[in-house]
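Keep the model open while reading.

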There are 2 protein chains.
Amino acid sequence: MSAPLRIAVAGLGTVGAGVVEILQRQTTLLSARCNRDIMITAVSARDASRDRGVSLANIAWEENTVALASRKDVDVVVELIGGSEGVAKSLCETALAQGKHVVTANKALIAHHGGALAKLAEQRGIQLMFEAAVAGGIPVIKLMKQGLAANNYTKIVGILNGTCNFILSTMERTRRSFEDVLSEAQALGYAEADPSFDIDGVDAAHKLCILSALAFSTTPAIDGITIEGIRNISAADILAAEELGYRIRLIGITERTDRGIELRVYPALLPEGSPVSEVDGVYNAVHIFGDAVGDMFIEGRGAGRGATASAVIADIMEIARGDVSQPFLVPAASLATPVIVPMEDYESAYYVRLHVADHSGVLFALTRIFSAHDISVASFIQHAPKEATHGVDIILTTHTTLEKRMNHALREISAMPSILSSPCLIRIEE
Amino acid sequence: MSAPLRIAVAGLGTVGAGVVEILQRQTTLLSARCNRDIMITAVSARDASRDRGVSLANIAWEENTVALASRKDVDVVVELIGGSEGVAKSLCETALAQGKHVVTANKALIAHHGGALAKLAEQRGIQLMFEAAVAGGIPVIKLMKQGLAANNYTKIVGILNGTCNFILSTMERTRRSFEDVLSEAQALGYAEADPSFDIDGVDAAHKLCILSALAFSTTPAIDGITIEGIRNISAADILAAEELGYRIRLIGITERTDRGIELRVYPALLPEGSPVSEVDGVYNAVHIFGDAVGDMFIEGRGAGRGATASAVIADIMEIARGDVSQPFLVPAASLATPVIVPMEDYESAYYVRLHVADHSGVLFALTRIFSAHDISVASFIQHAPKEATHGVDIILTTHTTLEKRMNHALREISAMPSILSSPCLIRIEE
């Protein structure tokens, strides 16, 4: 058995404390599985006096977090601070420069600087691992780098944000409003006080660009991703989607096409019965398409202490076993800058909800505009209002068309005097 | 970049030809991902003259398959012959003894001799890998050894035989009989001319005992597994299950309990909406429970050229990258002989279908027997027969009880003169 692998943990929040706890509790099991002991030698966090429910006896405490990277008794730095810049970035860069392996759960850091950090790691012949950065309880990065490594990937569809999935699936089950369910999510600790990072799709986009980089051998590219969140999804949309045979979920898709890579995070209508549409609550899921394997679907907890700590420790165990891997599967120097297809060149089918004044001629005007833009309407719903209201909802779906055409049509429709509020547009993924 | 990794392939059936084809077609991709070239140097199969749609130019042909293991130009032997004894076993043993890595898709071999072969491999410091032996398109072995390696596993539930799943889910969808759908499966190539290995649950049991060994650090133990197949499942059972809110699937379960490991393959009623119950067609699925991750569900193709070749090549790539792993996660010398709980000590809820003479007193007699054995009936269905028949079906479900009690009760019930055929008993997994 080799000498013990010595770990420094930076950040002792929920996940950090979970990592310490499991490493201490499962010493025997983990040693047997790695054929090597794993020990924590140093930690750093904001408040040395806080009780985290784990013993830090015989573990050095560093006030200066970045100093962990230079300690002689550390082989692996585990970065659980978060944020794409600042201490987290300095710590990881310094650790790699000092020849220490880095394990991180930091999706923002990898989404923004993954390519450069991977180059640093490969130059030094050490490991940079970030399993916990994407879908904690689903080891999708290892799946793509190891279990499915023989595949030429063609497409990945993921439910990558548990907060949004909780909100949408709870709205569906309970018929409650977005605002109401968001408050519940905040009370349950599933959403932050400022929930924008989750509900505006940014968190999912960080994760998606990491999966896309792995799939298509590019540098992670957060800038080119089309991102739309779920703030505009109403109970009416969820009901109408159900009537049409669909469920609404916030999804991330990366897909290789002839014209480049399509990268997008948005709420979409998914056919009932499709694997991704059935994912409920705070679970995450990834549907991977590859030329050899066909398709493979995986579902698990997206976040939380145990699930994320599980991912972090799996990375540590790989390092303990001496496994070597290139952070983005192929050599970092060979990663291409992704050619991202502009959103207006996408093709999709669409769901549109229009709140219109309930008088004659509206439908005629609408169909004239769609027809003028060569957009073919696939289905149409208008229910007689149950009570006297200001207007009525018209819901229609289109056949596949160009996003550009749809934008032009909606611009004209929005200008119609009988349209009482901005149209709600949701893409349909079959 | 290291010297190329040299592969010998034994067996050029569907999977073998798929492995050769992908290794040749994806040379550039695989080299970049392994930072090393992979080349096939030798093959062996039954018929040298057969056209397999792949080029064997510049590849040595061995008439004597076992001789592959002794070739100087071979680093890895890929065994795709099958069978727990004979050539497959000799080839793997010889290869390991000669210090060559072994990659195999042979579930019977690993289920019967996995422990001994793993010891051989570890003594020589080489790799024995068998990802393709369980659920081809689902890299569940790597998931358990790598992505989820930090977990103390508690339970695994799998749909591990695509033939059975195709038959049961097609019976459900089409309301056709077992015999009828089996014939269709044979015509489609999903079932063999002699289908017993699949439909009697033996194939699923081989796979289950490999997953169980990995989960609970034991030697694979095919002998202690309770195995029941799907021959007795009728269209009536599938209909009744639906009425009760369940679907019938052939599942494999391994679970750690206070009294030992429960290992079982049988058809079961699963609640509609549970992930495993929703698996249709020839797909396989595995639901893994671990103390850190909670639960994780994965679904993919169970067999077929591409999916199985994908698993074989993933193993080869791990070896090419120089990754090291213990075949059963912990050192082979430390694998325990599993303590398997006898089936009669299991606790389960049950579904029972009885074909009875339609006269008074039967129901009273039945309930008296269940009551005498302290078995509590949970639900009961008897439909008025649509036409004059010899007898009627009575379907009942019980609350959780001991298998032993159920057996005693059914023995008494079977002896009743009004019972017209053997009772059909199916376990309910909530």
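## Aromatic pairs

Over all chains, the structure holds four aromatic pairs. Rings of Phe, Tyr and Trp (its six-membered ring) pair if their centres lie within 6.5 Å; planes under 30 degrees apart count as stacked, over 60 as edge-to-face and the rest as tilted. The pair of Phe130(A) and Phe328(A) is tilted, because the ring centres are 5.2 Å apart and the planes stand at 35 degrees. Phe130(A) sits in the loop between strand 6 (128–129) and helix 5 (140–147) of chain A, and Phe328(A) in the loop between helix 11 and strand 13 (347–356) of chain A, so the pair ties together parts 198 residues apart in sequence. Helices (H or I, at least four residues) and strands (E, at least two) are DSSP runs, numbered from the N terminus. Phe130(A) counts as buried at 2% relative accessibility. Phe328(A) counts as buried at 1%. Here buried means under 20% relative accessible area, exposed over 50%, and partly exposed in between (1.4 Å probe, protein chains only).

Phe166(B) and Tyr190(B) form an edge-to-face pair, 4.9 Å centre to centre with 70 degrees between the planes. This pair links distant parts of the chain: Phe166(B) is in helix 6 of chain B, and Tyr190(B), 24 residues apart from it, is in the loop between helix 7 (178–187) and helix 8 of chain B. Phe166(B) is buried at 9% relative accessibility, whereas Tyr190(B) is partly exposed at 35%.

## Basis of the model

This is a predicted model: local features need pLDDT of at least 70, side-chain atom pairs count only at pLDDT 80 or more, and totals for chains, interfaces and linings use all residues. Residues are numbered from 1 along each chain as its sequence is written, chains are lettered from A and ligands numbered from 1 in the order in which they are written, and side-chain values use heavy atoms, with hydrogens and water left out.

The largest pocket holds about 1,500 Å³ of space. Its lining has 46 residues, and the closest to its centre are Thr14(B), Val15(B), Lys107(B), Glu192(B) and Ala303(B). A pocket is an open set of points on a 1 Å grid over the protein atoms alone, where a 1.4 Å probe fits, with protein on both sides within 12 Å along at least five of seven lines; lining residues have an atom within 4 Å of a point. Grid points are joined across faces, edges and corners, and a volume is the space filled by probe spheres set on the points. Elements of chain B that give two or more residues to this lining include helix 1 (14–25), helix 4 (107–124) and helix 9 (202–216). The lining of the largest pocket divides into 16 nonpolar, 19 polar and eleven charged residues. Ala, Val, Leu, Ile, Met, Phe, Trp, Tyr, Cys and Pro count as nonpolar, Asp, Glu, Lys and Arg as charged, and the others, Gly among them, as polar.

The second largest pocket holds about 1,200 Å³. It is lined by 38 residues, the closest to its centre being Val15(A), Lys107(A), Glu192(A), Ala303(A) and Gly304(A). Helix 1 of chain A gives the largest share of this lining, three residues. The lining of the second largest pocket has 14 nonpolar, 15 polar and nine charged residues.

## Nonpolar cores

The largest nonpolar core has 170 residues, of which Ile167(A) and Ile167(B) touch the most other members. Apart from this core lies another, of 35 residues, among them Val19(A), Ala45(A), Val76(A) and Ala149(B). A nonpolar core is a set of buried Ala, Val, Leu, Ile, Met, Phe, Trp, Tyr and Cys residues joined through side-chain atoms within 4.5 Å.

## Single residues

Ser418(A) lies in the loop between helix 13 (403–414) and strand 17 (424–428) of chain A. Ser418(A) is buried, with a relative accessible area of 9%. Glu429(A) is in the segment after strand 17 of chain A and is buried at 12% relative accessibility.

Asn35(A) is not a glycine, yet has a positive phi of about 55 degrees. Asn35(A) is partly exposed at 38% relative accessibility. Ala135(B), also not a glycine, has a positive phi of about 50 degrees. Ala135(B) is buried, with a relative accessible area of 1%.
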